[in-house]
Amino acid sequence: MKANLNQIVRAVDAVSPDIRLYVLYGPDEAGARDVANRLARALGSDAERVDLEPSQLKANPGLLPDEAASLSLFGTARHIRVAGAGEESVAACTALLAAERSGNPVVVISPGAKASSGLVKLATADPRAMVCAFYVPDAGEADKLATSIAREQGLRTTGSTATRIAAAAGGDRAVMSRELEKIALYLDAAPERPRELDDATLDAIGADLGDSEISRAIEAAIDGGPDRLADELARLAVAGSSPIPLLRQLVRRLMAIAELRAEIDAGANANSVMERVFFRDRASTTRALRIWSAPALSAAIDRVRRAERATMAPNNAGSVLADHAIVAVARIAARQNG
């Protein structure tokens, strides 16, 4: 069945045994992961999480219903997560929904899926599944989202605090959640003891990320300048910036260039296409279109998305993984430009 964000959040918070499968799709992968993490929290801190790869399900569709029906080794709650899924997972999800029993909920995250994909259609048509689309919020939506997440932590945003937090996180739900959790701890806030979050508090804990620094790093990567990029990444490291907003904004920039590249490759007039680009970005976009081919853009987007998933995983190497992926993008651009 189809669900909006509020409905899917209520569903994962309640963890209904009637729902076997949650399909979270669309380009806002961080938002989908945030909802998947809510399910994990609802099951309890001792719940066992089983991660399956889409390639495993393609090779053995029966693995998913088997894992969903298996008991935890220690008798605790259990849930299964499949990240980066696509059409190769349809057979496994079909088997899951057709199985006689399935005690453990399954979350499938599919950033590349569309409403017309087989995976989304399967989940939409079955009452034992819920499907929700995730799109990167625009500025106004991101502000509202920051306010909503803050309220869940017992924080009342005032002044420009919601806007600052949304901008600092690059509109990333997961980053906003983590930052607001830290602020709630700092202020000793909770839903039962709300606290006011003002600009002075954000100034005190340094909650702003340098948008200009992030933009310079992104342009250095897309221009194919590894040496210049190294300097920008070093500045971000000194500032203590989270790598997630940088990765998310880099993916958005690459996707925007990929859309323009596809139009031009399909025969659209380049000058007409560039007219839609914000004038401040036209010079850098023109350079990027000269450098980047469609296959190279696809490879770069996939590389950065995989780095984001790895960076969000528990016990990860954090900024090292992010820096490695961003430098790889710069090297792809350098090879294209050579």
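Arg261 lies in helix H13, where helices (H or I, at least four residues) and strands (E, at least two) are DSSP runs numbered from the N terminus. The model is a predicted one, in which local features need pLDDT of at least 70 and side-chain atom pairs count only at pLDDT 80 or more, whereas totals for chains, interfaces and linings use all residues. Residues are numbered from 1 along each chain as its sequence is written, and side-chain values use heavy atoms, with hydrogens and water left out.

Arg261 counts as buried because its relative accessibility is 13%; buried means under 20% relative accessible area, exposed over 50%, and partly exposed in between, with a 1.4 Å probe and protein chains only. Leaving aside neighbours within four places in sequence, Arg261 is in contact with Leu289, Trp292, Ser293, Ala294 and Leu297, contact being defined as heavy atoms within 4.5 Å.

Helix H13 spans residues 243-265 and also holds Leu254. Leu254 is buried, with a relative accessible area of 0%. Residues up to four places away in sequence not being counted, Leu254 touches Ile222, Trp292, Leu297, Ala300, Ile301 and Val304.

Val175 belongs to helix H9. With a relative accessible area of 3%, Val175 is buried. Its contacts, not counting residues up to four places away in sequence, are with Ala169, Ile244 and Pro245. Gly44 is 131 residues from Val175 along the chain, and the C-alpha atoms of this pair are separated by 21 Å.

Asp188 is not a glycine, yet it has a positive phi of about 55 degrees. Asp188 is partly exposed, its relative accessible area being 41%. A positive phi occurs also at Val15, a residue other than glycine, with a value near 50 degrees. Val15 is placed in the loop between helix H1 (5-14) and strand E1 (21-25).

Another aspartate, Asp223, is found in helix H11 (residues 211-223). Asp223 counts as buried because its relative accessibility is 13%. Its side chain makes a polar contact of 3.2 Å with the side chain of Arg228. A further polar contact, of 3.1 Å, joins the side chains of Asp223 and Arg287. A polar contact is a pair of N or O atoms within 3.5 Å; within protein, one atom must be able to donate a hydrogen and the other to accept it, and residues adjacent in sequence count only if both atoms are side-chain atoms.

The axes of helix H5 (residues 90-98) and helix H6 (residues 118-125) come within 9 Å and cross at roughly 15 degrees. That angle makes H5 roughly parallel to H6. Axes are lines fitted to C-alpha atoms, for helices over the stretch in contact, and angles run from 0 to 180 degrees between N-to-C directions. Angles under 35 degrees count as roughly parallel, over 145 as roughly antiparallel, 65 to 115 as roughly perpendicular and the rest as oblique. Val90, Cys93, Thr94 and Leu97 of H5 make the contact with Gly118, Leu119 and Leu122 of H6.
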